[in-house]
Structure formats: structure tokens, C-alpha cells
Amino acid sequence: MKIAVFGAGGVGGYFGGLLAHAGHEVCFVARGDHLAALQSRGLQVKSVHGDFSVQPVGATDDPASVGAVDYVIVAVKHYGLTAAAAGVAELVGPQTAVVPLLNGIDAHEILEGQVPGRALVGGLCSVVSMIESPGVIRQESPFRSIVVGELDHQRSDRVERLIQAWQDCGAQATQAEDIHVALWNKFIFIASFGGVGSLTRAKAGEIQAVPETQALIVEASREVEAVARAEGVQLAADAAARAVEFFDSLGPTTTSSMQRDVAAGAMFELEAFSGTIVRRGQKNGVPTPVHRTIYALLLPAMKRAMKGE
């Protein structure tokens with residue numbers, strides 16, 4: 001299969017790297033020092049599931065030079081998706097499937113303005129992975145799961161082919177019966193842990209050990225569940241409880257990607273997380289006091305990051 005990975009950070013570098021290591025024709029769309037390292041030294045992955053490297057590796061900052069591919073894996077940060085959409089469109093041909101592996105619940109909606117609707121599918125992943133240094137990805141979670149599904153709830157061969165390729169690499173990949181449910185199930189967890197963790201600067205084990213802070217995870221999760229139900233998403237009755245249970249299973253040193261970005265003074269996905277929950281809550285008449293507080297308290301840091309301070 002011919003695959004373009006738009007964004008070669010922790011998610012794209014790891015899951016795209018698996019496919020490249022397995023022999024698929026993969027080209028990474030990257031930039032800066034990371035791109036230069038990929039072009040000169042290839043990709044190195046340090047993983048709890050086994051280290052590997054890919055050399056040489058296709059890498060460019062010009063998606064138009066790649067042309068149409070079978071699959072585009074979109075793995076940029078949510079706040080960079082609007083700017084990336086035109087570049088993603090350069091990779092789309094008549095048979096291309098575009099698979100966002102982003103945090104949040106609306107990547108396909110953002111891409112619709114530039115990418116033909118027939119090309120879009122829904123996708124999400126769960127993994128702890130990051131750029132350790134230019135050209136080097138460090139993946140440190142026992143879980144490395146991917147869920148992909150057609151937006152119209154139909155099963156398809158194009159999704160199954162990609163899922164099978166990742167399964168052959170050892171990833172826990174599945175085709176969703178309802179990708180919208182899957183997206184919101186992850187969103188309940190990641191938006192709540194990301195927000196509370198970013199405010200407290202605490203690792204998962206520290207939050208779990210403080211009942212008052214753990215209670216915020218529970219309340220934040222219930223707010224997201226309520227918004228999803230108001231949006232018509234057919235979640236299971238215990239969706240928020242399952243998200244909290246997953247949080248409780250995390251290793252004590254686990255942090256969210258948003259928390260790490262906040263700590264580094266970098267741009268972070270506040271609008272994709274609590275911002276989205278607050279806005280959709282307002283639209284549907286659902287109170288979201290925890291996420292409204294998270295949003296208000298983190299917004300100054302977001303504005304500083306946007307100014308490059």
C-alpha cells in the first residue's frame with residue numbers, strides 16, 4: 001500500500017513507522033529539524049514493544065510532490081488541522097481514504113472544506129508516544145490501539161485493509177461499528193484527564209491518590225457524556241464510568257499530551273477539548289461547570305503560547 005503520513009510526531013511517527021517497517025510504501029510529511037533528521041538518518045523508534053528503525057525513509061515538506069496515495073494518515077495536532085487541510089488534499093486521488101488520528105471529535109468536519117467527503121473516514125488512537133529528539137520516536141505505553149470506521153456506519157474493505165496492515169504489525173486495530181461513539185468514548189477520557197492534569201501539573205498516580213482531584217475527573221467525564229447524549233450520540237449507559245475506570249488503570253507516571261505541551265509552554269489543544277465541550281454544551285443547554293473552569297483557567301497560558309512567549 002502507498003501511504004502518506006501527514007505529521008510525523010508521536011502518533012504519526014509511531015503508527016506510520018510500523019507500516020514503513022513492515023514494508024509498505026510510506027512517506028512522512030514533516031518539517032524542521034525532525035524532517036531533516038528523517039531525510040538524513042531515517043526514522044528510529046524506541047518502543048516498549050521493541051525498538052526498530054527505517055532507513056531510508058520517505059520524508060518531505062511538500063505533499064504535492066508525493067501525489068495521490070491509497071491512504072493519508074493525518075496526525076497533526078488539532079489546532080494545526082485547518083492549516084494542514086490544503087496539504088492533505090494534495091494527497092487525495094479517486095481511491096484515497098483520509099484517516100484522521102487526532103484528539104477531539106470533529107477532525108472530519110474540519111477537513112470537509114478541503115477534502116472530498118467520499119475520502120473521509122473517522123479514526124482515533126490511544127498511545128503514549130512522543131518525539132524524543134529529531135528523527136527519534138519514543139513509545140512507552142503497553143496500549144497502542146487504533147479504531148477506524150466509515151462515517152456512515154457501514155463496514156468497508158478500504159478500512160479493513162488498513163486495519164489488517166496495522167494488526168500485522170502488532171497494533172490493536174479494529175473497525176468500528178459506530179466511529180462516532182468510539183470518538184466520544186475516547187473524548188470523555190482524554191478531555192477530562194488532559195484538562196485536570198494540565199491544571200494540576202500532576203501525573204495520573206498523584207491525581208488518583210487525592211480524592212478531591214479524582215472527583216474532578218469523574219465530574220468532568222460526566223459533563224462530556226451529557227454533551228454527547230445531547231448531540232444524539234448513542235453512548236453506552238456507563239460511558240463516563242468506563243472512562244474513569246480506564247483513567248484509574250493508568251500507570252502512576254502517565255501524563256497526557258496536552259499536559260506535556262502546557263508544561264513546555266507550547267501550543268496545546270484547549271479549544272479541541274474543554275473549548276469544544278463548553279461550546280457544544282451551550283448550544284445544547286447542557287451545563288459544563290468543570291470544563292468551563294478548566295477552559296477559563298488555561299486560556300491565559302494558551303494565549304501566551306500563541307504569541308510565542
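**Notebook: salt bridges**

I searched the whole structure, which is a predicted model, and found 13 salt bridges.

Entry on E132 and R138. I find the side chains of these two residues joined in a salt bridge, with 3.2 Å from N to O.

Entry on R155 and E177. I note a salt bridge between the side chains of R155 and E177, at 3.0 Å from N to O. R155 sits in the loop between β9 (136-149) and α5 (157-168), while E177 sits in the loop between β10 (172-175) and α6 (179-200), so this pair ties together parts that lie 22 residues apart in sequence. For R155 I read a relative accessibility of 48%, which counts as partly exposed, whereas E177, at 56%, counts as exposed, the cut-off for exposed being over 50%.

Entry on E231 and K283. Here I find a salt bridge of 3.1 Å, N to O, between the two side chains. The pair links distant parts of the chain, 52 residues apart, with E231 in the loop between α8 (211-230) and α9 (239-248) and K283 in helix α11 (residues 271-284). I looked up E231 as partly exposed at 26% relative accessibility, and K283 as exposed, with a relative accessible area of 60%.

Methods. Residues are numbered from 1 along each chain as its sequence is written. This is a predicted model: local features need pLDDT of at least 70, side-chain atom pairs count only at pLDDT 80 or more; totals for chains, interfaces and linings use all residues. Side-chain values use heavy atoms; hydrogens and water are left out. A salt bridge is a side-chain nitrogen of Lys or Arg within 4 Å of a carboxyl oxygen of Asp or Glu. Helices (H or I, at least four residues) and strands (E, at least two) are DSSP runs, numbered from the N terminus. Buried means under 20% relative accessible area, exposed over 50%, partly exposed in between (1.4 Å probe, protein chains only).
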